[in-house]
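Subject: Structure for your review, with notes on cavities

Dear colleague,

Please read them alongside the coordinates.

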Amino acid sequence: MKKVLLICTFLISTIAFAQENSETSFWDEVRFGGGFGLGFGNNSTTIAISPTAIYDFNSQFSMGLSLGYQYAKRGDFKNNVFSTSILSLYSPIQEIQLSAEFEQLFVNQSFQGVDDSFSYPALYVGAGYRVGRNISIGFRYDLLFDKNRSIYASAISPVFRVFF
């Protein structure tokens, strides 16, 4: 964990000094977006929200932070997940977006009256197709996936990003 934080700190400090245009203000290069999800089915409900803010260092590289919350209920099972993450996006060409994201998830779950709380990390690498500057769709893979701890069924998940 300390190595991941050290690498992230190094990358942020290195890139912070590599800005192309120093005449723009910090907030001119910040974009906001995130995700929202609703799912309803036979005796199940899922609600998710994850606001994200990214800073565009240049036309190819962005980095940002995200917070998340997910609620899931199916029968006697109930799950509340809070998360925080650091995200980096790189576009070698206009149409392709590569991503890396470190996420820490904090899980509170209940099943048939038995409560459990735990946390676990996820480290995603992904690739997607980018439409303009603000929209991308693709897939990501969790390099730290553990089927016994993860709240997800698979290490692979779809990604749809929108920023304004």
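Searching the whole structure gives two cavities of 30 Å³ or more, a cavity being a set of points, on a 1 Å grid over the protein atoms alone, where a 1.4 Å probe fits but cannot get out. This is a predicted model, in which local features need pLDDT of at least 70 and side-chain atom pairs count only at pLDDT 80 or more, while totals for chains, interfaces and linings use all residues. Residues are numbered from 1 along each chain as its sequence is written, and side-chain values use heavy atoms, with hydrogens and water left out.

The largest cavity holds about 60 Å³ of space, where a volume is the space filled by probe spheres set on the grid points, which are joined across faces, edges and corners. Its lining (residues with an atom within 4 Å of a point) includes Gln-97, Gly-128, Ser-136, Phe-139 and Arg-161. Two or more lining residues come from each of strands S5 (96-111), S6 (114-131), S7 (135-142) and S8 (156-163), strands being DSSP runs (E, at least two residues) numbered from the N terminus, and S7 gives the largest share, four residues.

The second largest cavity has a volume of about 40 Å³, and its lining includes Arg-31, Leu-89, Arg-130, Arg-133 and Phe-163. At least two residues of that lining are supplied by S7, and at least two by S8.

Best regards

Conventions. 1 Å grid on protein atoms, 1.4 Å probe; cavity = no way out; pocket = protein on both sides within 12 Å on 5 of 7 lines; lining within 4 Å.
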